[in-house]
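Let's take a walk through this model, one neighbourhood at a time. Have the sequence and the 3D view open side by side as you read.

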Amino acid sequence: MPVTLRGSDGVSYRFDPGALCLEFVTTGGSVVYPRYELLHEPADLSRWTAESRLGLDRVETTPEQLGRAKALRAALWRMAADRANGRATAPADVAAVNEAARLPPPVPEMDEDGRTARLAPATGDQVVSAIARDAIDLFTGPYADRMRECAGYGCHLLFVDTSRPGRRRWCSMERCGNRDKVRRHRAQSR
Ligand SMILES: [Zn+2]
């Protein structure tokens with residue numbers, strides 16, 4: 001599910017990170033994302049969870065759970081950046097993700113007529129678990145070596161390239177892709 005980001009120039013653009021765990025990384029907090037910080041208080045995590053591809057709209061989060069979510073986010077950001085840049089994964093980050101995944105995950109349930117599945121009301125810790133489990137699937141799965149950092153100048157957004165040819169370079173074609181086109185066009189006409 002694409003997220004809407006706002007650049008330092010104030011222009012909004014759509015960015016699809018390709019996986020739940022990387023979508024969570026875009027909520028802020030790391031070295032390059034602090035200006036995007038979206039999780040200031042526990043209710044912010046509940047709001048994000050409803051809007052994310054997890055689509056879980058009944059979440060109660062405590063301050064401690066928000067703290068665990070942010071610690072997981074920092075580990076995920078480093079792991080994805082390391083993988084995207086061909087560096088080895090830090091054992092401490094792996095341990096942090098593994099620990100988060102051991103929390104109980106969200107539980108599926110059916111609506112009253114038994115025809116539609118959804119996730120039962122959950123806690124912030126269950127959300128942390130879902131994100132960590134998604135990360136384990138991603139980092140060890142078929143797209144393990146498809147983690148990318150946007151090739152745009154000064155852009156450090158992380159995504160997983162799930163396209164068949166595997167040549168995705170940009171966070172967003174309309175943003176960094178176009179800027180690169182304009183830059184190259186200018187260089188040529190000079
Ligand atoms: Zn970019």
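Asp125 sits in helix H5, residues 124-140; helices here (H or I, at least four residues) and strands (E, at least two) are DSSP runs, numbered from the N terminus. Since this is a predicted model, local features need pLDDT of at least 70 and side-chain atom pairs count only at pLDDT 80 or more, while totals for chains, interfaces and linings use all residues. Residues are numbered from 1 along each chain as its sequence is written, and side-chain values use heavy atoms, with hydrogens and water left out.

Is Asp125 buried or exposed? With a relative accessible area of 13%, Asp125 is buried, because buried means under 20% relative accessible area, exposed over 50% and partly exposed in between (1.4 Å probe, protein chains only). Setting aside neighbours within four places in sequence, Asp125 has Gln65, Arg68, Leu103 and Pro104 in contact, where contact means heavy atoms within 4.5 Å.

Helix H3 covers residues 63-84, and Ala80 is part of it. Ala80 is at 0% relative accessibility, so it counts as buried. Which residues does Ala80 touch, not counting those up to four places away in sequence? They are Leu22, Phe139, Met147 and Leu158. Ala122, by contrast, is 42 residues from Ala80 in sequence and 27 Å from it in space, C-alpha to C-alpha.

Now for helix H2. Its buried residues are Pro42, Asp44, Leu45, Ser46, Trp48 and Thr49. Among the elements covering those residues are helix H1 (20-25), strand E3 (59-60), H3 and H5. In the loop between H2 and E3 you'll find Leu54. Leaving out neighbours within four places in sequence, Leu54 is in contact with Leu20, Thr49, Leu119, Val127 and Ala130. Take Val127 from that list: Leu54 and Val127 are 73 residues apart in sequence, yet their C-alpha atoms are 8.7 Å apart in space.

H2 also turns up at the largest pocket: strand E1 (3-6), strand E2 (12-15) and helix H2 (42-51) each supply at least two residues of the lining. How is a pocket picked out? On a 1 Å grid over the protein atoms alone, a cavity is a set of points where a 1.4 Å probe fits but cannot get out, whereas a pocket is an open set with protein on both sides within 12 Å along at least five of seven lines; lining residues have an atom within 4 Å of a point. The largest one has a volume of about 410 Å³, the volume being the space filled by probe spheres set on the points, with grid points joined across faces, edges and corners. Of its 19 lining residues, Val3, Thr4, Leu38, Trp48 and Glu51 lie nearest the centre.

Last stop: the zinc ion. Which residues coordinate it? Cys150, Cys155, Cys171 and Cys176 do, each through SG, at 2.3 to 2.4 Å; donors are N, O and S atoms within 2.8 Å of the metal (3.2 Å for Na, K and Ca), and water is not among the atoms, so sites may look incomplete. The four donor atoms subtend angles of 104 to 114° around the zinc ion, which makes the arrangement tetrahedral; for four donors, that label requires all angles to lie between 85 and 135 degrees. Along the sequence, the donor residues follow the spacing C-x4-C-x15-C-x4-C. Cys155, in the loop between strand E7 (147-149) and strand E8 (158-160), and Cys171, in the loop between E8 and helix H6 (173-189), are 16 residues apart and link distant parts of the chain. Both Cys155 and Cys171 are buried.

His156 lies in the loop between E7 and E8, and at 38% relative accessibility His156 counts as partly exposed. Ser172, in the loop between E8 and H6, is buried with a relative accessible area of 4%. Ser172 touches Tyr13, Arg14 and Gly177, not counting residues up to four places away in sequence.

Technical notes:
Four donors count as tetrahedral if all angles lie between 85 and 135 degrees; four count as square planar and six as octahedral if opposite donors are over 155 degrees apart and all others between 65 and 115; anything else is irregular.
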